Amino acid sequence: FARWQLWSRGESAGLAAARNEAFRAARTAAVLVLDADNILLPRCAQRLWAALDRTGASASYPLLERFGDDPGLMNRRAWEPARLLRCNTTDALALVRREAWAKLGGYRKLEVHGWEDWDFWLRLAKTGGWAAQVPEILARYRCHLGSMLHRETYPDAAPLRERFRREHGVVFDGDGRTDAVVALRRHRPAPGT
């Protein structure tokens, strides 16, 4: 990571478009995805790259320390595709191989902003891709009740819930179990990777 670029747009085209633009512009084998509410700790990029190199995973992600309105830890569990069918267990902050992003056709724009990353992880799992967890706190995530998720996504989540049920087989509270849970378990990485 000898150099970096900061891009700015006059108007927002949405989360998926911003992520895809950055991936298209990148000249590296992997892109570190982070948002304005993230803070990287000193060895984050180095440790995530080492995990990609060591495991051959499609992406790598660290433990995140949540601070602000709801302190705690995020990304506490190792990658398990079946868990993704209940909730997004992997935050957006990850080092993602450009070839994995390209194979999926990038991030998809959704009718309500906020679940583009979850959609990406679900599609990655369906294609046999996976993410390696680095079990160290290497970044922080600012949690605040005025965030996009709280203002826009959660109040308007009904269309997203229906889409995720239909396309991915996601099971929300009160739903029954689906065959998609079993299908995603087949794409579990080998032990010790």
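A salt bridge is taken here as a side-chain nitrogen of Lys or Arg within 4 Å of a carboxyl oxygen of Asp or Glu, and by this rule the count comes to 11 salt bridges. The model is predicted, so that local features need pLDDT of at least 70 and side-chain atom pairs count only at pLDDT 80 or more, while totals for chains, interfaces and linings use all residues. Residues are numbered from 1 along each chain as its sequence is written, and side-chain values use heavy atoms, with hydrogens and water left out.

Arg19 lies in helix H1 (residues 15-25), where helices are DSSP runs of H or I of at least four residues and strands are runs of E of at least two, numbered from the N terminus. Arg19 forms a salt bridge with Asp35, the closest N and O atoms being 2.9 Å apart. This pair links distant parts of the chain, since Asp35 sits in the loop between strand S1 (30-33) and strand S2 (38-40), 16 residues from Arg19. Asp117 also forms a salt bridge with Arg19, with closest N and O atoms 2.9 Å apart; here helix H5 (residues 116-126) is joined to helix H1 across 98 residues. Both Asp117 and Arg19 are buried, that is, under 20% relative accessible area, with exposed meaning over 50% and partly exposed in between (1.4 Å probe, protein chains only), whereas Asp35 is partly exposed at 27%.

Elsewhere, Arg165 forms a salt bridge with Glu162, the closest N and O atoms being 3.9 Å apart. Because they are three residues apart in helix H7 (residues 158-168), Arg165 and Glu162 are separated by about one helical turn.
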